[in-house]
Amino acid sequence: MYPVNLNVAGRLCLVVGGGRVALRKIRNLVEHGARVRVVAPEVVPEVQALAGGGQIELLLRGFQQGDASGAFLVFAATDQVEVQAVAAADARKYGALLNSADSPELCDFQLPAYFCRGGFQLAISTDGGSPAFSRFIRQKLEDEFGDEYEYSLCLLAIIRKKALAAGLDVGHNQKMFRKLLDDDLVDCIKSESWANLSKILYCHLPKQIDAEEIMEDFRGKCCQN
Ligand SMILES: C[C@@]1(CC(=O)O)c2cc3[nH]c(cc4nc(cc5[nH]c(cc(n2)[C@H]1CCC(=O)O)[C@@](C)(CC(=O)O)[C@@H]5CCC(=O)O)C(CC(=O)O)=C4CCC(=O)O)c(CCC(=O)O)c3CC(=O)O
Ligand SMILES: NC(=O)C1=CN([C@@H]2O[C@H](COP(=O)(O)OP(=O)(O)OC[C@H]3O[C@@H](n4cnc5c(N)ncnc54)[C@H](O)[C@@H]3O)[C@@H](O)[C@H]2O)C=CC1
């Protein structure tokens, strides 16, 4: 499976089925700004509530051929093998990418287990081999990767913006970021060692970038400590 991050914001995603499995996919899609349409004769209360709140469109009926028309992604998540097959064929017909909840081998894409720390995201997948394993590793990593990763990313993004604006070349930036990270920027943030963090910045930022200004920006925008 080819790893990729998809922008689903504002794009039509069709979920066929409204049970527990569909609900997980639906919540995920809503969180990422997709336009979600659900087709199912019966749905769990949480799906009904999302429809009531206007967060998704709900068609309370069985899947019909042509439903995949205009969809970017199609999720076949029913408990009926025949419906799964018809939905998959419809997705193919209309050129939508297919996720099939009961057939890993039919999937154009599979969902990883994942979590975010701000813009920082870690995703785990097993090529359909063991979703329980993906979930297990996700939970383990969630304990290990705390808010310091969100703050570190925020700081690095501030520095990077300045570096790009200053027209510093790629080779320079590559080395600078490696040094900042090798010098334990993340640990400094985790232990709130601001004096050490400043030292690292003064040591590795080029003269075009004001380390003091970066620290101020960081304390103001990323972490209010
Ligand atoms: C191929 C894939 C297609 C897809 O759905 O995208 C798929 C397929 C199937 N899942 C099944 C079962 C379970 N799925 C989970 C959980 C998750 N499943 C997810 C993804 C994927 N599942 C894709 C592969 C991803 C990968 O390779 O890792 C996660 C990661 C993401 C998400 O769904 O959001 C989410 C965890 C999120 C989290 O917690 O972070 C659990 C665990 C639990 O619920 O505790 C179980 C029970 C235990 C087990 O079986 O492992 C079955 C058998 C159904 C049956 O027995 O009838 C099939 C079909 C088959 O394998 O034939
Ligand atoms: N990929 C994954 O992550 C996982 C997949 N599964 C598989 O996912 C499938 C669904 O599981 P659950 O949500 O627990 O089932 P469920 O029984 O709770 O829900 C099934 C849903 O399909 C709908 N449905 C039935 N006929 C339909 C039709 N003609 N058109 C549209 N919708 C229709 C039902 O109304 C219901 O909303 C099962 O095949 C299960 O084996 C199970 C666990 C995890």
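## The open sheet

Five strands form an open sheet in the order 3-2-1-4-5, with parallel pairing. Strands here are DSSP runs of E with at least two residues, helices are runs of H or I with at least four, and both are numbered from the N terminus. Two strands pair if DSSP finds at least two bridges between them. Strand 3 (57–59) and strand 5 (97–100) are the edge strands, and each pairs on one side only. On average, neighbouring strands of this sheet are turned by 15° against each other, direction ignored. Axes are lines fitted to C-alpha atoms, for helices over the stretch in contact, and angles run from 0 to 180 degrees between N-to-C directions.

Strand 2 (residues 35–39) and strand 3 run parallel, joined by three bridges. Arg37 stands opposite Glu57 in strand 3. Strands of a sheet pair through backbone hydrogen bonds, either parallel or antiparallel.

## How the model should be read

This is a predicted model: local features need pLDDT of at least 70, and side-chain atom pairs count only at pLDDT 80 or more, while totals for chains, interfaces and linings use all residues. Residues are numbered from 1 along each chain as its sequence is written, and chains are lettered from A and ligands numbered from 1 in the order in which they are written.

The protein has a mean pLDDT (the predictor's confidence in each residue, from 0 to 100) of 96, and 99% of its residues reach 70 or more. For the complex, the predictor gives an ipTM of 0.97 and a pTM of 0.95.

Contact means that the C-beta atoms of two residues, placed from the backbone, lie within 7 Å.

Helix 3 (residues 81–93) lies across strand 1, strand 4 and strand 5. Helix 3 runs at about 170° to strand 4.

## Helix 5 and its two faces

Helix 5 (residues 148–165) has 18 residues. From first C-alpha to last it reaches 26 Å, close to the 26 Å expected at 1.5 Å a residue. That expected span is 1.5 Å times one less than the number of residues.

Which residues of helix 5 are buried? They are Tyr149, Tyr151, Ser152, Leu155, Ile159 and Ala163. They cover an arc of only 160° around the axis, so they sit on the same side of helix 5. The arc is that of the directions from the helix axis to the C-beta atoms. A residue is buried if 20 or more other C-beta atoms, placed from the backbone, lie within 10 Å of its own, exposed if 12 or fewer, and partly exposed in between. The buried residues pack against strand 6 (113–117), strand 7 (120–124), helix 6 (170–182), helix 7 (185–190) and helix 9 (211–221). The face turned away from the buried side carries the exposed Lys161, Leu164 and Ala165.

## Positive phi angles

Just after helix 5, Gly167 takes a positive phi of about 75°. Most residues other than glycine have a negative phi. Asp184 is not a glycine, yet its phi is positive, about 65°. Asp184 lies in the loop between helix 6 and helix 7. Asp184 is partly exposed because 15 other C-beta atoms lie within 10 Å.

Glu192 also has a positive phi, near 55°. Glu192 is in the loop between helix 7 and helix 8 (194–204). With 12 other C-beta atoms within 10 Å, Glu192 is exposed.
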